[in-house]
Amino acid sequence: MMEFSSRARHLRLAGDRREPYPHSLQFYQEPPTESISLVEFESFAVDRLRLLKVVENLGVSYVKSGDVYKTKLEAELRRLKFPYRALAEDDYDARRKDHISHFILRLAYCQSEELRRWFLQQEMDLFRYRFHELTDGLRQKFLDHVNLSFEAISEDLKNELANELYMSTPGLSMTKVKEQMFYKVGLSDAVDLFRARRVFIKDGFAFVPVKDIDAIVLNNYRKNLSKALALTARSLPSIQSDERLQPLLNHLSHSYVGPDYSVQKNTGKIALEHIDALSVKSFPLCMRQLHKALRENHHLRHGGRMQYGLFLKGIGLTLEQALEFWKKEFIKGKVDADKFDKGYAYSIRHNYGKEGKRTDYTPYSCMKIIMSNPPSQGDYHGCPFRHSDPELLKQKLQSYKVPPSGVTQILELVKGMHYQLACQKYFELTHDVDDIGFSLNHPNQYFAESQRILSGGREVKKEPNHLGNSQQKINSQESMNSNSTPTTSNMTTDAELEGLEAYFTED
């Protein structure tokens, strides 16, 4: 547990021992055991946030196994002085920074489910890249270091088992079998491969190619980090009682969630009679789908009402407007005015923080929509790029006058599980721009950017150096061989980070 001394302006991490880091890659199983100054605390924390921000941007914009992704991520690791090549044995300072900064952010990002999910995903992507960069020898050393008893088999044994390995490992030619390294793994660690009949079994062991050992190691890392985040969250009460530490951690965690769109400058400036037109011009496909279903059916189920209602709140509808909007539509269907007032009106007031616990609910981010509460039969909420049948999605895009070439591009992105990039491509095609110049992570961000473009108040700019045109990115990469996981809001700028740095320097 962390102890914080405001008098000494030092953060104390229990214990007082220093040990060298034997590997540039780690599972972060042991917390730091030294005292660090607040200057280092600030520097390490902000730099890791910068790094994870880049990991997030690259992950949503490039195929993670591609050369461009790897090149740009290595460049950022170099710039921020984190370990970037496991070949370097004289990078003690970088390894120390990597270790301590991970634990600082673990404290900051254990405080809610969404924060934990975001942190876990970025750390997983960072670990995946760094594990892939290990040489065969260093990979074996690392596996031994983290007590994963995966032993690389000898060339003689591999040649002896070549036919069995070839027959039992889909996707590998005999030439690939002879080129790849195989590991001898206990069945308990290879159960998924065994169930899928994708691995050779002999004498109670699975013989796993290096391409699949990655997935097993990553799964171990995910389980360890998920458990660690949950345990850290349980210690929050003692951390929150520290008047100096808790504000620091709150600033860190809020720096990368991005705008929550709970308070809008244009509150009350959206006229109800304009919503139909806005849904065509400036709503993301998920909200356009919900609006259309509401107009046609005069009803939405709870999931749809929550997703769409909070979005409308975020674009500026007041509570009074929301009550009028939903009531007018529902009484066109099977709900009379009295039933609406007694039942549905309460949940609308609840969303605006006027009922129950008085929580002022915020609009859903892309990540929340994609990752939670998938729609069932009769539902219209969710992400159309994630949850729609590809053929139905194709028909919908065609009905919205998306050109055939654009439909093909979007469906290719969906096939590769690049759901947010598919939405970005939809934005570009419906707004006639080549590159939207930002990473799309929130339906209300989509609406705000659309309104800026349509009002002539925003010049479409290119992404910063580490980002480029989304279609060029995908076309220049090979097919994706691992899940592309959606991300949370991605809008924090360098200026905001500078503001965070300024906060740390205040007395």
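## Terms and basis

A residue is called buried when its relative accessible area is under 20%, exposed when it is over 50%, and partly exposed in between (1.4 Å probe, protein chains only). This is a predicted model, in which local features need pLDDT of at least 70 and side-chain atom pairs count only at pLDDT 80 or more, while totals for chains, interfaces and linings use all residues. Residues are numbered from 1 along each chain as its sequence is written, and side-chain values use heavy atoms, with hydrogens and water left out.

## The annotated cysteines

An unreviewed UniProt entry lists C286, C366, C383 and C423 under "binding site"; such annotations may be inferred rather than shown by experiment. The four span 138 residues in sequence, yet no two of their C-alpha atoms are more than 10.0 Å apart, so they gather at one spot.

C286 belongs to helix α14 (residues 285-297), helices being DSSP runs of H or I with at least four residues, numbered from the N terminus. The residue is buried, at 10% relative accessible area. Beyond residues up to four places away in sequence, C286 touches Q307, G382, P384 and P443, where contact means heavy atoms within 4.5 Å.

C423 sits in helix α22 (residues 419-431) and is likewise buried, with 11% relative accessibility. Its contacts, leaving aside neighbours within four places in sequence, are F385, L440 and Y446.

## An exposed residue, E30

E30 is exposed, with a relative accessible area of 53%. In contact with E30, apart from neighbours within four places in sequence, are H99 and F103. The C-alpha atoms of E30 and H99 are 9.1 Å apart, although 69 residues separate the pair in sequence.

Note on methods
Helix = DSSP H or I, 4+ residues; strand = E, 2+ residues; numbered from the N terminus.
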